[in-house]
Every structure is written in structure tokens, then in C-alpha cells.
Amino acid sequence: LKDDLAYSAMLTYLPSGLLGLVVASLMAAYMSTISTHLNWGSSYVVNDFYKRFVKPEAGDRELVLVGRISTVLLMALSAYVALKMESALDSFEIILQIGAGTGLIFILRWFWWRINAWSEIAAMVISFVVALIFKKWGDDIPSHIQLISGVGITTIGWIAVTYLTTPTDKGTLLSFYKLIKPHAAGWRPVLNPAIAEGKIDESEIEPGKLPLEILCMVAGCFLVYGALFGIGFLVYGTIGKAMIGFAVAAVAAIILWRSWSQVKGRDEAAPAA
């Protein structure tokens, strides 16, 4: 706790000139973060939603206007949500809840052709609403129950939306497969008709190494979090725990390095097979 108070305590001892510089730096850091996220969110609204689904023929002037309006609305919404929070932990819990709800779809999109843009939009909206509901009325519900429930509700919601909406155009899906090469097992309903029509050859379809790819994903998570917690423990002077974190990160890095080389090597192995 004393280490965490160092920065705020420093502000009480700084002379006026340096204190003004620190305040200016805090304002600059805050505004740069806010502007980045507002522009980022507005670009999603304009390019990925309005131009794609609402009015594809919209001109630049109209898109700029929509971008300005969405920026103001996002700023107002974020300000309202921020005023309802009591601490930084509240925002972290909401972000964690949203990420847990949408995590599955962001992984499955590489393995299942049926997932479309509406699936992802539904997942993001549902997980956000669920997170706010739990934050408002879920004080008596343990955090781990909230997390599991949020994942379940969001998953049911986006799967329902997936089947209720029109699949993405097969031509677009085939172009996506040729460019990205997602796992072939879940893309057979797209690939088999394309093979029959001569749009793609069986030799262009990679069998994939799903277990190895999942191992790389898990190892990557352990690498990031091992290094993150290792640095955190090191900053706080907890050397033993820091070494454990770095050891976990090192083992994960070795596993990821060796496994990734095999995943990348599948391009060279496919012609020989």
C-alpha cells in the first residue's frame, strides 16, 4: 500500500512549476487515451456497422457526419458509465466480464464458417449488457458465478443470433479461407461445394493441426501472464514469486517456439504429402 501511495505523495511535495508539469502530463495522457478509444469506437460504428449494414452507398461527407455523431454518443455513454463506478476495480470487473463473454466467439471464428458479423456484434452487446446488469444488481452473486453465468448467457445469445441471421456469402467465405487458411474441419460446408465447382483444389486445403494450434494459444497466454505477474512481483520486491512467474513464462516461451515452428512448417510439408 505504501508503494502505491508513492505517486500521490510525490504530488504533495513538488514545487509549483513541477506540479503543473505533472498535472499537464496527466491531462495529456488521459486525453490521448480517451481520443484514441473514441476514434477507434467511432471507426467501428462507421466502417463495420453503418457502411456495411445500414447504407453501403453512403458518401464520405455522410460517413464523417456519422463518425462525429457516434463519437459524441460514445463519449456521453462512457461518461455515464464512468460516473456509476466507484473505483478502478469496477471498470476492471466489467472489462473482464465482457472479455469472458466474447472470448469464445473470437476463438471459434477460426474454426467454424457459420459465425458472421452479426454473431460478433450480438456477443459484444450481450456481454456488455450482462456485465452492467451484474454490476447494478449482482452484489449478492459471487464474482465467479457472475463470470460463468455471463459466458453462458452470451454464448447462448450469439449462437441463437448466428442461426437466425443469413450466413455470409460463400464467395466471401472462400476468399477468407484462401487468405487466412482457418482450420479446414469446420469449413467443409464451404470448401466441398467450392471443390466441386472447381473454385479451389483439394491440394490448397490444409488439414490443420488443431491440437498444436490450441497448445500455442494456451502457451501464449501463460507466456504473457507469467511475464506480467513476474514483473509485477519484481516491482514489489517479492523475488520468489517473481522468479516463479518468469519461470512459467520461460517454459511457455520454449513450448510456443517449438510448437509454432511446426505450425509454420505445415506450408512446406503439405506439397510433400
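I115 is buried in this predicted model, with a relative accessible area of 9%. Buried denotes under 20% relative accessible area, exposed over 50%, and partly exposed the range in between (1.4 Å probe, protein chains only). I115 sits in the loop between helix 4 (88-108) and helix 5. Helices are DSSP runs of H or I with at least four residues, numbered from the N terminus. Neighbours within four places in sequence aside, I115 is in contact with I105, L108, R109, E120, W158 and T162. Contact requires heavy atoms within 4.5 Å.

The model is predicted: local features need pLDDT of at least 70, side-chain atom pairs count only at pLDDT 80 or more, and totals for chains, interfaces and linings use all residues. Residues are numbered from 1 along each chain as its sequence is written, and side-chain values use heavy atoms, with hydrogens and water left out. The pLDDT, the predictor's confidence in each residue from 0 to 100, averages 87 over the protein. At least 70 is reached by 95% of the residues. Residues 267-273 have a pLDDT below 50. Beyond near neighbours in sequence, that stretch has one contact in the model.

W112 occupies the loop between helix 4 and helix 5. W112 is partly exposed, at 23% relative accessible area. The C-alpha atoms of W112 and A185 are separated by 8.2 Å, although the two residues are 73 residues apart along the chain.

The axes of helix 4 and helix 5 come within 9 Å and cross at roughly 150 degrees. Axes are lines fitted to C-alpha atoms, for helices over the stretch in contact, and angles run from 0 to 180 degrees between N-to-C directions. The two helices, helix 4 and helix 5, are therefore roughly antiparallel. Angles over 145 degrees count as roughly antiparallel, under 35 as roughly parallel, 65 to 115 as roughly perpendicular, and the rest as oblique. The crossing of helix 4 and helix 5 is right-handed; in that sense the near helix is turned clockwise from the far one by less than a right angle. Helix 4 contributes D90, E93, I94, Q97, I98, G101, T102, I105 and F106, which meet S119, E120, A123, M124, S127, F128, A131, L132, F134 and K135 in helix 5. The residues of this contact divide into 10 nonpolar, five polar and four charged. Ala, Val, Leu, Ile, Met, Phe, Trp, Tyr, Cys and Pro count as nonpolar, Asp, Glu, Lys and Arg as charged, and the others, Gly among them, as polar.

Helix 5 (residues 117-137) also packs with helix 6 (residues 143-164), at about 150 degrees and with axes 8 Å apart. That angle makes helix 5 roughly antiparallel to helix 6. Their crossing is right-handed. Residues in the contact include W118, A122 and I126 of helix 5 and I153, G157 and W158 of helix 6. By class, the contact of helix 5 with helix 6 has nine nonpolar, eight polar and no charged residues.

K181 lies in the loop between helix 7 (170-180) and helix 8 (188-196). K181 is partly exposed, with a relative accessible area of 24%. Its phi is near 60 degrees, a positive value in a residue other than glycine. Most residues other than glycine have a negative phi. The C-alpha atoms of K181 and I115 are separated by 15 Å.

Helix 7 and helix 8 pack at about 95 degrees, with axes 10 Å apart. They are therefore roughly perpendicular to each other. K170, L173, L174 and Y177 of helix 7 contact P189, V190, L191 and A194 of helix 8.
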